[in-house]
Amino acid sequence: MQYLQHPAMALVLQVAIGLAFHNWWAGALIASAYFIGREAAQAEYRWIERFGGGLRRNLPWWGVFDMRVWPKLDQWLDWIGPIAVTCGLAAIMTQA
């Protein structure tokens, strides 16, 4: 159940944008970008805590890409899930 929360929230946001502006790809982009940004920020904080001595100024530009701060499956699924479902819905809605 926990793995479905972010994709479900992304779909709700995408549907709202898709219906309001008739642009399903824009809805996919906005919803996915929100979750990508959220997870990237959490990865930055993990890096700062583990390797940066608790100081944000010690975070290098590549800190978010350090695989050592992405050890759990749910951290990956929290951004991959929204991308997959919103792109899938956008593809379906633009076929019609």
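Asp66 is buried, with a relative accessible area of 10%; buried here means under 20% relative accessible area, against over 50% for exposed and partly exposed in between, with a 1.4 Å probe and protein chains only. The structure is a predicted model, in which local features need pLDDT of at least 70 and side-chain atom pairs count only at pLDDT 80 or more, while totals for chains, interfaces and linings use all residues. Residues are numbered from 1 along each chain as its sequence is written, and side-chain values use heavy atoms, with hydrogens and water left out.

Asp66 sits in the loop between α2 and α3, where helices are DSSP runs of H or I with at least four residues, numbered from the N terminus. Its side chain makes a polar contact of 3.0 Å with that of Trp47 and another of 2.6 Å with that of Arg68. A polar contact is a pair of N or O atoms within 3.5 Å, one able to donate a hydrogen and the other to accept it within protein; residues adjacent in sequence count only if both atoms are side-chain atoms. Leaving aside residues up to four places away in sequence, Asp66 touches Trp47 and Phe51, contact meaning heavy atoms within 4.5 Å.

Trp47 is itself among the buried residues of α2, which also include Trp24, Phe35, Glu39 and Arg46. Cover for these buried residues comes from elements including α1 (5–21) and α3 (73–95). Helix α2 runs over residues 24–51, and its 28 residues reach 40 Å from first C-alpha to last, close to the 40 Å expected at 1.5 Å a residue; the expected span is 1.5 Å times one less than the number of residues.

Turning to the ends of this helix, a side-chain oxygen of Asn23 comes to within 3.2 Å of the backbone nitrogen of Trp25 at the start of α2. Just after α2, Gly53 adopts a positive phi of about 65°.

Notes:
Helix = DSSP H or I, 4+ residues; strand = E, 2+ residues; numbered from the N terminus.
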